[in-house]
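Please look over the sequence and the coordinates of this chain before reading on. The report is meant to be read with both in view.

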Amino acid sequence: MNRLFILLVLIVLLAGTAALAAETAPGWVLRYADIGGGQVVFTYEDDLWIVSADGGTARRLTTHPGVEQYAKFSPDGSQLAFTASYDGGNDVYVMDATGGVPRRLTHHPAGDRVLGWTPDGSGVMFRSSRAAQMRSTEVYVVPLDGGMPEMLPLDR
C-alpha cells in the first residue's frame, strides 16, 4: 500500500512537471522561408534570420521589438522585402540582405503582406485590404524608390 501511494505521488509530480514544461516552452518554429542568392531567409522568434543554402549557422538579421515575416529576396538576391509591425500596423519594408536598417515603403492602416518582387526588381508586390470589400484583398506594387502603391488589375 505504501509503495503504491509513493508511485502515484511520483506519477502526479512527473505529469505536473511535464505540463508546466509544455506551457513554458517557447513554441517558436521556423516559418515563411525564401531562397535567393544562395541563401535562405526565414522568420524565427518574430525576427528575420539568414543562412547559407548549403547549411551552416543561421545569423539573426533583425532584433526589433516588432514582428518581421514574409521575407522575399529581390531577383538579384541583394535585398529583402518583408512585412513588419513596428508601428502597430503591418507595412512593407526593405533592407539589404546582409542586414542593416529597414526602410519603410508603405504607410497605410490596412495590413500589407509581402508577396514578392517585380521581375526587374524595381518594386515590391504585396496584398492588402485597403480598397477591397468584404474581407477581400487586392494585389499592389510599391516602387522601390518610393511613391504610392499601384493596384494591379487582376480579375477575380
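**The chain as a whole**

The coordinates are those of a predicted model, and every value given here is computed from it. The secondary structure comes to 1 helix and 12 strands, and these follow one another along the sequence in the pattern α-β-β-β-β-β-β-β-β-β-β-β-β, with the helix at the head of that pattern and the strands after it. Of the 156 residues in the chain, 35% are buried. The chain exposes about 9700 Å², and 58% of that area is supplied by carbon and sulfur atoms. Among the contacts with a separation of 6 or more, 23% are between residues 24 or more positions apart.

**An open antiparallel sheet**

In the order β9-β10-β11-β12, 4 strands form an open sheet whose pairing is antiparallel. Its edge strands are β9 (112–117) and β12 (150–151), each of which pairs on one side only. Strand β10 (residues 123–128) pairs with β9 over 5 bridges, and 6 bridges join β10 to strand β11 (residues 138–143). The hairpin of β9 and β10 has 5 residues between the strands, and in this hairpin glycine 121 takes a positive phi near 75 degrees.

The table sets out residues that stand opposite one another in these pairings.

| Residue | Stands opposite | Strand of the opposite residue |
|---|---|---|
| Valine 114 | phenylalanine 126 | β10 |
| Glycine 116 | methionine 125 | β10 |
| Methionine 125 | valine 141 | β11 |

**Aspartate 47**

Which strand holds aspartate 47? Aspartate 47 lies in strand β3, which covers residues 47–52. Is aspartate 47 buried or exposed? Its relative accessible area is 5%, and because a residue counts as buried under 20%, aspartate 47 is classed as buried.

The surroundings of aspartate 47 can be described through its contacts. When its neighbours within four places in sequence are left aside, aspartate 47 is in contact with Phe42, Arg60, Thr62, Thr63, His64, Gly66 and Glu68. With one of these residues, threonine 62, there is also a polar contact of 3.5 Å, which joins the side chain of aspartate 47 to the side chain of threonine 62. The picture for this residue is therefore of a buried aspartate, with a relative accessible area of 5%, whose side chain has a polar contact with that of threonine 62.

Conventions: Residues numbered from 1 in each chain as written. Predicted model: local features only at pLDDT ≥ 70, side-chain atom pairs only at ≥ 80, totals over all residues. Heavy atoms only, no water. Helix = DSSP H or I, 4+ residues; strand = E, 2+ residues; numbered from the N terminus. Buried < 20%, exposed > 50% of the residue type's maximum accessible area, 1.4 Å probe, protein only. Polar contact = N/O pair within 3.5 Å; in protein donor to acceptor, adjacent residues only side chain to side chain. Contact = heavy atoms within 4.5 Å. Pairing = 2+ DSSP bridges. Areas by Shrake-Rupley, 256 points an atom, 1.4 Å probe, with all protein chains shown as cover.
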